Amino acid sequence: MERRIMGNFGGIIHGGDYNPDQWLDRPEILEEDLQLMKRANVNCVTLGIFAWSRLEPEEGRYDLEWLAGIIQRLYENGIYTILATPTGAMPQWLTGKYEEVLQVNEYGVRNFPGKRHNYCPSSPVMREKTRQIDTRLAERFGSHPGVIGWHISNEIGGNGGDGACHCEHCQNAFREWLREKYGSLDRLNAAWWTSFWSHTYTDWSQVRSASARGEDLVHGQNLDWKRFVDSRQLDFCREEIRAVRSHSTLPVTANMMEFFYTFNYFRWAKELDIISWDSYPDWHSGADELRMAARTAAAHSLMRSLKKKSFLLMESTPSVVNWRQINRLKRPGMHALSSLQAVACGSDSVQYFQWRKSRGSSEKYHGAVVDHRNGADTRVFREVARLGERLEKIAPKVVGTCNRPRIAMVFDWENWWAVQDAYAVDNDLDYLETFLDFFRPLWEMGIDVDMVDMEGALDPYSVVIAPLNYMYRKGYAERVRAFVSRGGCYITTCWSGEVDDSDLTFTGAHPLEDVLGIRTEEIDAPGGYCENSVRYHGTDHRITGLCGLIHAKGAEVLAEYQNDFYKGYPALTRNVYGDGEAYYIASINEGSFLKELYGHVLRERGLECGLQVRLAEGVTVNERSRAAEDGGQSEKIWFLQNFNREPASVELLARYENVETGEMLNGTIELPPFACVVLMEG
Ligand code: GAL
């Protein structure tokens, strides 16, 4: 068997979480698994995610032989392994003997043993026990030819938790972290504005985690606590990486959870070789699939953007989840479409939770490739196997390509934390939902975007869209200024440039007043009921959120409010700055407004969809391309996806070849419900 490696697999990975540790007393099941995997075109599994108690049944007694046998047998049958470190769930001997490994919540109550994703990241015992088991695994399997990479823990911080532990180990670590950051209590008090309500700290020992039982109204403190929780968990993860690297050069990943509020994944990405994530869209739950489809595309794009490289879809359900109130079956076709959507957005894999349904406990009715009954004779199995064939077919065109957008959206975790904590005009304001509302029109237009945070480079892009950039992190305004003056187009909104890194408001002018050419004044929150609109290019667009009251100070006014006491105030402005331009959207409006604005900007800059097509509603397209070497033509492929529950007609304005069938396509083509067609230049 040829040597393969995660991140450079030489094909599209197809497989998923496999838990043979639950079936070790049933060898016939393990044999059946192998035969069924081959029939399902599975080429890789993830092993050992929750297997700690099988790998180390008693403290210090390791039993890795069963795992060695399985890895070897899979390998001999053409199936590779991504090997997990088992810290996602702790064995009873560990939690029973060492209380400190269990998290303490914000009310000061320590958890009992059980569940998962709940260790204390500061506990010295937990760190030591983790180092020992991880090192053993690396030593034993780090150079096995069937093992292609490391899967660190599982959905770190996930499962309803916020990754935070408030125990005394963590309190002390928080104080240390703050000491390092501020150097003195005076600086900390100034940054946190603790003179408010007389809460000035006079001794380091008084400083504690942000908590509902104590202090959670000092915004600077809340923000630093979130930063600390993020860095503490990341530090634990870093130790796990160090442990596996002690005996292995294989790449590492950690499965992420889309827009996971607690962790700043841009920081995590720097520690990982490959980005992977777990995607569980709530298909078939709303009036249509489009909102969910756009949101999922945004999440995939975020994952790709973290390293600007293809990523892995580490988990998805082949049929149904079981943890929502209502769990709908994926309709025929949706499994292939949602899997190919991931590939369209930059994934080099389609992996599942889970290979086989367990017989007991809380996930026994969660979807799996193999059900409790019927082996390969199920609708789900057939759809999975068929998808495996399709992935094999398109792999030669896909492998080595990636999405290369010229447009970026600023998505910043620290800004998210600050927006949600602002206590201002609209306490229902949701940064993520607003961000997604700004993303969706681009998705509808078949335009890919990258996401960058406020530390990310803006120069590779022609257009940068920055909704609700409330907090301007250090250096951000300067970088935007340089980007625009060199010819970039910057589009931003109200509720931007309000506070600095410490969540202290700026005084004086808006930090980008010169670039935007406006002066900001008040802000109104019309709430759910808003009769106002903005007129842009002769059309009225409904306002759906905040209304910023601004004055032009050099900028051209392109749209105005139509009602209320601020009727006639600027609602959209454009300012030329250096070689570039900056748009300021004063109010949050319905999608049609953004489509109009984006359409105009993209046309001006020649950034329209690369596939020559007239799209229908609910049909979108993603482009992956090979990097053009030495100025040569770059090879492109397009994924045309119909998220409608009905057929849709699109018009191809040039000749394209269907990568899977070789058929030449031109003019009007009919896409069945939930179809995805992969095209290349004809
Ligand atoms: C994921 C988790 C898996 C499994 C799955 C069920 O969040 O990583 O272990 O629980 O959800 O949907």
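User: Which residues make the nonpolar surface patch?
Analyst: Trp193, Phe196, Trp197, Leu217 and Tyr423 make that patch, which comes to about 630 Å². Keep in mind that this is a predicted model.

User: Where is the place of Tyr423?
Analyst: Tyr423 is in the loop between α13 (413-420) and α14 (431-444).

User: And is Tyr423 buried or exposed?
Analyst: Tyr423 counts as exposed, because its relative accessibility is 60% and the cut-off for exposed is over 50%.

User: Which residue has a positive phi of about 65° although not a glycine?
Analyst: That's Ser198. Ser198 sits in the loop between α7 (185-192) and α8 (219-245). With a relative accessibility of 65%, Ser198 counts as exposed.

User: OK, on to the ligand. Which residues surround the ligand?
Analyst: The ligand has Phe50, Arg116, Asn154, Glu155, Asp278, Tyr280, Glu315, Trp323, Phe353, Glu363 and His366 around it.

User: How do the residues of that shell divide into nonpolar, polar and charged? What are the numbers?
Analyst: The shell around the ligand has 4 nonpolar, 2 polar and 5 charged residues.

User: How many Å is it from the ligand oxygen to an N or O atom in the side chain of Glu155?
Analyst: For Glu155, a side-chain N or O atom is 2.4 Å from an oxygen atom of the ligand. Asn154 has a polar side-chain atom 2.9 Å from a ligand oxygen, and for Trp323 a polar side-chain atom lies 2.8 Å from an oxygen atom of the ligand.

User: How much of the ligand's accessible area does the protein cover?
Analyst: The ligand on its own has 310 Å² of accessible area, and the protein covers 94% of that.

User: Backbone again. Which peptide bond is cis?
Analyst: The bond from Phe353 to Gln354 is cis, with omega near 15°. As a rule, most peptide bonds are trans. Phe353 is also one of the residues surrounding the ligand. Gln354 is in the loop between β9 (349-352) and α12 (379-398).

User: Where does Gly146 lie?
Analyst: Gly146 is in the loop between α5 (124-141) and β4 (147-151). Gly146 counts as buried because its relative accessibility is 1%, and buried means under 20%.

User: How many residues apart in sequence are Gly146 and Arg3?
Analyst: Gly146 and Arg3 are 143 residues apart in sequence, yet the C-alpha to C-alpha distance is 7.5 Å.

User: Switching to salt bridges. How many does the count come to?
Analyst: The count is 56 salt bridges. One of them is between the side chains of Glu31 and Arg73, at 2.6 Å from N to O. That pair links distant parts of the chain, with Glu31 in helix α1 (residues 27-39) and Arg73 in helix α3 (residues 65-76), 42 residues apart.

User: What is the relative accessibility of Glu31, and of Arg73?
Analyst: Glu31 is at 31%, which counts as partly exposed. Arg73, at 35%, also counts as partly exposed.

User: What about Arg324 and Asp282, how many Å from N to O?
Analyst: Their side chains meet in a salt bridge at 3.8 Å. Arg324 is in the loop between β8 (312-315) and α11 (334-344) and Asp282 is in the loop between β7 (276-278) and α10 (290-307), so this pair ties together parts that are 42 residues apart in sequence. Arg324 has a relative accessible area of 22% and is partly exposed; Asp282, at 21%, counts as partly exposed.

User: And where do Glu389 and Arg386 sit, in which helix?
Analyst: Glu389 and Arg386 are in helix α12, 3 residues apart, so about one helical turn separates them. Their side chains meet in a salt bridge at 3.4 Å, N to O. Glu389 is partly exposed at 44% relative accessible area, and Arg386 is partly exposed at 45%.

User: Last one: which residues do salt bridges that share partners join into one network?
Analyst: Lys181, Asp224, Arg227, Lys270, Asp412, Glu414, Asp453, Glu455 and Arg473 are joined into one network that way.

Technical notes
Residues are numbered from 1 along each chain as its sequence is written. This is a predicted model: local features need pLDDT of at least 70, side-chain atom pairs count only at pLDDT 80 or more; totals for chains, interfaces and linings use all residues. Side-chain values use heavy atoms; hydrogens and water are left out. A residue is near a molecule or strand if one of its heavy atoms lies within 4 Å of it. A polar contact is a pair of N or O atoms within 3.5 Å; within protein, one must be able to donate a hydrogen and the other to accept it, and residues adjacent in sequence count only if both atoms are side-chain atoms. Accessible areas come from the Shrake-Rupley method with a 1.4 Å probe; for residues, only the protein chains shown count as cover. Ala, Val, Leu, Ile, Met, Phe, Trp, Tyr, Cys and Pro count as nonpolar, Asp, Glu, Lys and Arg as charged, and the others, Gly among them, as polar. Patches are made of residues with over 30% relative accessible area and no salt bridge: like charges are joined within 9 Å, nonpolar side chains (Val, Leu, Ile, Met, Phe, Trp, Tyr) within 5 Å. A salt bridge is a side-chain nitrogen of Lys or Arg within 4 Å of a carboxyl oxygen of Asp or Glu. Helices (H or I, at least four residues) and strands (E, at least two) are DSSP runs, numbered from the N terminus. Buried means under 20% relative accessible area, exposed over 50%, partly exposed in between (1.4 Å probe, protein chains only).
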